Amino acid sequence: MTRFVSPVKSPDQPSVLIAALSGRALAELARKAGYRPLVADLFGDMDTRRHASAFQVVRGSLTEGPDPDDLFRALADRSHATDEPPVGLVCGAGFERHPDILEKLARCWPLLGCSADVVRSAKDPATLAQLCSELDIAHPALRFEAPPDPENWLAKSAGGSGGWHISNARLHASRSDAYFQRRVPGEPICALVVGTGEDATVVGWSSQWTSPTAEHPYRWAGAVQPA
């Protein structure tokens, strides 16, 4: 575990905890908003160090997220090292498959962002498809049994992110955790939305692309704004 304390002191600014696969972007935004970022992530890269008031590198993987025990120790260490308690905890990517970890984190620090229940709903394919249908939002067809024409379908894992879990349905028709989504032609575009449960605002649109490998043909590579 790597520990780092920034030489730049900002004693008058409140601190905020950040946990993610990579905390760089959140640390930069926290600085711009007037907070001292205390980061726990998998990389501790130079860009993160530039913006973080302090950080610790934790164990974990891109597919499974941060190691829970290591993460809790790192956040507690950063939290106890400050004169005033952090205002809360912001969680970035890495918890999509583990809302139970978000629940445990929320018992220790105020969770600034989506709750575990919200993440569960957003990452449940059946719930999301039903909501889209109720709101008359076009979305790909969904099924949980192997499709009769697998070449026209993708196999995915609930809670997956980064494209690591996506494959041709023919290759993973027997995978126990798979659900199936019909292929849709077109350009991948992502909308970033901030919502309150009663109202929502689109922050921006971005184009996405992949960096395929033989084992992970739909691996996410990046996004650029504006789309």
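Analyst: Happy to! Let's start with arginine 120, whose side chain forms a salt bridge with aspartate 117; the closest N and O atoms are 3.0 Å apart. The two residues are three places apart in helix H5, so about one helical turn separates them. Please keep in mind that this is a predicted model. The protein chain averages a pLDDT of 89, and 93% of the residues score at least 70.

How exposed is this arginine? Arginine 120 is partly exposed, because its relative accessible area of 33% falls between the 20% and 50% cut-offs.

Arginine 120 also forms a salt bridge with glutamate 103, where the closest N and O atoms are 3.1 Å apart. Here the partners sit in two helices: glutamate 103 belongs to H4 and arginine 120 to H5, so the pair ties together parts that are 17 residues apart in sequence. Glutamate 103 is partly exposed too, with a relative accessible area of 30%.

Beyond its neighbours within four places in sequence, leucine 105 is in contact with Leu71, Phe72, Leu75, Leu89, Cys91 and Phe95.

Valine 90 gives another view of how parts of the chain come together. Valine 90 lies in strand S7 (residues 89-91) and is partly exposed, with a relative accessible area of 22%. If we set aside neighbours within four places in sequence, the contacts of valine 90 are Val16, Leu17, Ile18, Ala19, Leu26 and Leu112. From valine 90 to alanine 20 is 70 residues in sequence, while their C-alpha atoms are 8.5 Å apart in space.

Another salt bridge links the side chains of aspartate 47 and arginine 50, at 2.6 Å from N to O. Both of these residues lie in helix H2 (residues 46-51), three residues apart, or about one turn of the helix. Aspartate 47 is partly exposed at 35% relative accessibility, whereas arginine 50 is exposed at 55%.

Helix H2 also holds histidine 51. Is histidine 51 buried or exposed? Histidine 51 counts as buried, because its relative accessible area of 19% is under the 20% cut-off. Leaving out neighbours within four places in sequence, histidine 51 is in contact with Ala27, Glu28, Arg31 and Pro37.

Leucine 128 is partly exposed, with a relative accessible area of 39%. Together with Leu131, Leu135 and Ile137, leucine 128 forms a nonpolar patch on the surface, and the four have about 350 Å² of accessible area together. Aspartate 136 is found in the loop between H6 and strand S8 (142-143). With a relative accessible area of 70%, aspartate 136 is exposed. Its phi is near 60°, a positive value in a residue other than glycine.

One more backbone detail is worth a visit: the peptide bond from glutamine 225 to proline 226 is cis, with omega near 5°. Proline 226 lies in the segment after strand S14 (220-224). For context, most residues other than glycine have a negative phi, and most peptide bonds are trans.

Finally, a note on where to read with care. Over residues 4-9 the pLDDT stays under 50, and the model has eleven contacts beyond four places in sequence for that stretch.

Terms used:
Residues are numbered from 1 along each chain as its sequence is written. This is a predicted model: local features need pLDDT of at least 70, side-chain atom pairs count only at pLDDT 80 or more; totals for chains, interfaces and linings use all residues. Side-chain values use heavy atoms; hydrogens and water are left out. pLDDT is the predictor's confidence in each residue, from 0 to 100. Contact means heavy atoms within 4.5 Å. Patches are made of residues with over 30% relative accessible area and no salt bridge: like charges are joined within 9 Å, nonpolar side chains (Val, Leu, Ile, Met, Phe, Trp, Tyr) within 5 Å. Accessible areas come from the Shrake-Rupley method with a 1.4 Å probe; for residues, only the protein chains shown count as cover. Buried means under 20% relative accessible area, exposed over 50%, partly exposed in between (1.4 Å probe, protein chains only). Helices (H or I, at least four residues) and strands (E, at least two) are DSSP runs, numbered from the N terminus.
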